[in-house]
Amino acid sequence: MDLNIIIGGPQGGGVETAGMLLVRATASAGLEVFGIREYHSNIKGKHSYFHVRVADKPVNSIKLPADILGGLDPETLATHFSEVRRGGTVVYDEAIKEKVLTKSPSMDPAKLNRLRSALAEKGIKDTIEGLRGHLEGEGVRVYAFPFSEIISEILKGTKIPIERTMNTAITSAILSIMGFEKHIVYEAVDGLFRGKAEVVEINKMVIDAVYEEFKVKFQVENRDKEEYEGDKYRDKVKKRLLLAGNDAVAIGKIVGGLRFQTYYPITPAADESLAIEESAKIFNEEGNVIGSPIVIQSEDEISAVGMAIGGALIGVRSATSTSGPGFSLMVEGLGWAGINEVPLVITYYQRGGPSTGLPTRHSQSDLLFSIFAGHGEFSRIVIASGDHREAIEDAVKCFNYAEMFQVPVIHLLDKGLANSVTTVPIPSIEIPIVRGSIVNGGEDYERFRLTEDGISPRAFLGRAIQWYTGDEHNERGNICEDPFVREEMYRKRMEKSRTILKEVPDEDKARFYGNEKYDGLLLTWGTTKGAVVDALPTLNALGERVSVLQVRLMEPFPADYISKFIASSKRVVSIEANYTGQLAWLVERYFMREVDCRVLKYTGRMVSEDEVVSAYRRIRGGERRVVLTGGE
Amino acid sequence: MKVCKECRWWRPDAVLIYVGECERKQISTKELDGPCEVFAKKVESEFMWCSDCRETFHKSEAKRHREHNTYQEVHVDEDVHEYISAGD
Ligand SMILES: [Zn+2]
């Protein structure tokens, strides 16, 4: 099984719940799931959707065309109908059949124009019924089901509004069409509405009715079940985690010994702090809860980074979490941490910029910013995770590296990770906690002592007298502008980059996927890796040997390690979600060699597996710069 | 047609525009339900709701919504706590 399902509706109209029901139900049936939510910034009622991919093998990306489309409103059908494959399935409420497609209240004028041309071009009548005729002509099975009718029957005599369970109704219909048994939907409802008995009860009544009536009215059992094979997957539940990227980072931080987290609310980072605040507990060796990490919402990001620096100096593992606009404000603090060799961790979720840009959309356009932000020169680590599993482990490693090398560490992520939900094997995290060189201080303690390995033993604030300013300093930390001291201190800080490259293991520098013999090498990073790696079997079937190199350590840049992979490739192609090809730029800078082709996407939507395949086809056809625009 | 969507007591849901609430009967109905005994024609009031534009408008702006689906008021389900991600 490898199915792509889109369920959409007005933001705030139950799309999130519908998507999560779908994700939970299919995951509990033993399948692997990857789901991403696309939503507007702060505008209630705007079109939003959940794209869920369900497969019997691990998946880390979405793929178009979709097999099934569920619409909570006419706009969803108007927006996504052309993304449904021939022979796919579309489900919606019969009650909307007379609605006019181009009269969707929240549709952007640009989208409206595209819709008008599409309708004209395909000769589709501008109503849901008209669209139905077109879709059926394309071999799409259309189920216009009286959802609101059924729900209003069930809710008769109650004061519960019909719209409240519409999402459950459509999701149940989709799962029923796919052949999943009802108890799987029940389980999803139990999990999603835990502790709300009344809500669970009503939703189960709706599920019952939909399952029953769907069978009778459409006799879907044979046609669709055979194709979608949902009934094959049950009682095969392996224990796995179902989590969003924000949760993954939160788990990693907690396991990694986080004690102090600061943040100022910002999309798509804030959920991570909320998750830590809600669920993290610290146990002693006897297994008793002795407290929880402190999570503080500060007045702004300048304060957030300052407080996190303070926590790190006191000796607890401290982090702050933000996205582009917040990081912009943190840059001054980052430099302060640089000159003072503070083991600060900044978790950085990229979103569409510049300025407020596309706050809720995906982007990988801050790679160079995270590497170069700050005036003056200092060593830092920038490590980019490519999936949820990596995000958990990297969150632990970021603390280790920050303390081992006493440098600020930026954990670089993106919206695609933050807001995607996926099944992950329960990780047994066996990364030891390494706190680096720590001493108790004493009378002659010098915080910035020059040592052979360039790392000064660190005493926590309160254990020894130590001086911190933003100025250049001598070994004690006193302000000092002597040229020779300056040279020594400057060199000490800068040479850490060399030490880092020596000590960080290869698996944290880059990861290779595919056959060791290849002609084409796809360079990628962050969550774009998911689509590229998922596309690998198809790419190789096209007749050219292709492999993938996912770069993880972005600063200091592991040029030596990467050079081996690049050297044995006839064609190097970078794939990333920005305009310039920022990873490609880094590679070109280090190797004095042009990256042959760039595949780029900057629409704010994630790169999908099918786009990687079609882009590579175009590259083989001679294009050197391919810009992707898929997804709504 | 004396259906809900033509009635002054009916308020369409703010997001799912084809279902709504009857203010008189305090029940949830669909836009084409009816006819029923409390049906009454819409009246012009200072502020109306346009479900095509998904906004409240003042009667001075009525021209802009002439061909649109307009209602006395809108229904917002305050008990729906579906998580809506902030976008700032
Ligand atoms: Zn209007």
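How much area is buried between domain 1 of chain A and domain 3 of chain A, and what share of it do carbon and sulfur atoms give? The buried area is about 790 Å², and carbon and sulfur atoms give 50% of it. Buried area is the accessible area, taken with a 1.4 Å probe, that two parts lose on being put together, summed over both.

This is a predicted model, in which local features need pLDDT of at least 70, side-chain atom pairs count only at pLDDT 80 or more, and totals for chains, interfaces and linings use all residues. Residues are numbered from 1 along each chain as its sequence is written, chains are lettered from A and ligands numbered from 1 in the order in which they are written, and side-chain values use heavy atoms, with hydrogens and water left out.

**Inside chain A**

Chain A has domain 1 (2-236), domain 2 (243-425) and domain 3 (507-628). These bounds come from an automatic or database domain assignment. The centres of domain 1 and domain 3 of chain A, taken over C-alpha atoms, are 34 Å apart. Domain 1 of chain A puts 11 residues in contact with nine residues of domain 3 of chain A. Contact means heavy atoms within 4.5 Å. On the domain 1 side, A:Glu38, A:Asn60 and A:Ile62 lose the most area to domain 3 of chain A, together 42% of what that side buries.

Three salt bridges link these two domains. A salt bridge is a side-chain nitrogen of Lys or Arg within 4 Å of a carboxyl oxygen of Asp or Glu. Strand S2 (residues 32-38) of chain A gives the most to the side of domain 1 that touches domain 3, with three residues. Strands are DSSP runs (E, at least two residues), numbered from the N terminus.

**Between the chains**

Chain B brings 29 residues to its contact with chain A, and chain A brings 41. Together they bury about 3,000 Å², of which carbon and sulfur atoms give 52%. The rule finds three salt bridges across this interface. Strand S3 (residues 27-30) of chain B gives the most to the side of chain B that touches chain A, with three residues.

| Residue pair | N to O distance |
|---|---|
| B:Lys30 and A:Glu149 | 3.7 Å |
| A:Glu609 and A:Lys63 | 3.9 Å |

Technical notes
Helices (H or I, at least four residues) and strands (E, at least two) are DSSP runs, numbered from the N terminus.
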